[in-house]
Amino acid sequence: LVDHVVRHAVATKGGRQCTQLIDAYCGSGLFALSAAKYFEEVVGIETAKPSVDSAKANAAANGIKNARFIGGSAESIFAQVPFSGQDTSVVIDPPRRGCDQLFLTQLLNFRPQRIVYVSCGPDTLARDLVVLVNGGYELKHVQPFDMFPQTRHIESVAVLELNEEDVDETP
């Protein structure tokens, strides 16, 4: 699962690779730290302070210098991110309830080039994908992962790219 997420976060689009990564709902930094070597700058965002502290400790323990972790409030989750969405991939791994409308609105306004959405709830993934596709993203790929055999639980990874036809090129 981690390799799959990282591979899609770093994938090129038209020969152009994203240079920044945001790991939203980053927890202890699994995706951010696993992908850090492929990006110039990585920002993990988490609302739970103990998780931010764990992510920072994990980065230090692994000698990763290009990743930083910040505690964000739900109302302004991207406010502390020091770059735009232009050359950015965003990995999101929300809780089973999926993303709330406030987060999705902020994500659409940030307009990253690529979104890699990790979900443990196929119903909430489908709901949130409708919002993202209607917001200018094209669904490129969905891959289920049966990590909990003989249960109803499944992880899925969806990859979306910004639809260039919807991008306003004016400054």
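Here, partly exposed means a relative accessible area between the buried limit of under 20% and the exposed limit of over 50%. All views show a predicted model.

**View 1. A nonpolar patch on the surface.** Let us start on the outside, where V133, L139 and V142 form a nonpolar patch. Together these residues have about 210 Å² of accessible area. V133 belongs to helix α5. Its relative accessible area is 39%, so V133 counts as partly exposed.

**View 2. The largest nonpolar core.** Moving inside, we meet a core of 26 residues, in which F78, I92 and F103 touch the most other members. Two or more residues each come from β1 (20-24), β2 (41-46), β4 (88-92), α4 (101-110), β5 (114-119), α5 (122-134) and β7 (155-162). Helix α4 gives the largest share, five residues. As general background, nonpolar side chains tend to be buried together in soluble globular proteins.

**View 3. Around F103.** Zoom in on F103 to find its contacts with A24, Y25, I77, F78 and I92, leaving aside residues up to four places away in sequence.

**View 4. The buried residues of helix α1.** Which residues of helix α1 (residues 2-10) are buried? They are H4, V5, V6, H8, A9 and V10. The buried residues of α1 pack against the strands β1, β4, β5, β6 (137-145) and β7, and against helix α2 (30-35).

How values were computed
Residues numbered from 1 in each chain as written. Predicted model: local features only at pLDDT ≥ 70, side-chain atom pairs only at ≥ 80, totals over all residues. Heavy atoms only, no water. Core = buried A, V, L, I, M, F, W, Y, C linked by side-chain atoms within 4.5 Å. Buried < 20%, exposed > 50% of the residue type's maximum accessible area, 1.4 Å probe, protein only. Helix = DSSP H or I, 4+ residues; strand = E, 2+ residues; numbered from the N terminus. Contact = heavy atoms within 4.5 Å. Patch = residues over 30% accessible without salt bridge, like charges linked within 9 Å, V, L, I, M, F, W, Y side chains within 5 Å. Areas by Shrake-Rupley, 256 points an atom, 1.4 Å probe, with all protein chains shown as cover. Salt bridge = Lys/Arg side-chain N within 4 Å of Asp/Glu carboxyl O.
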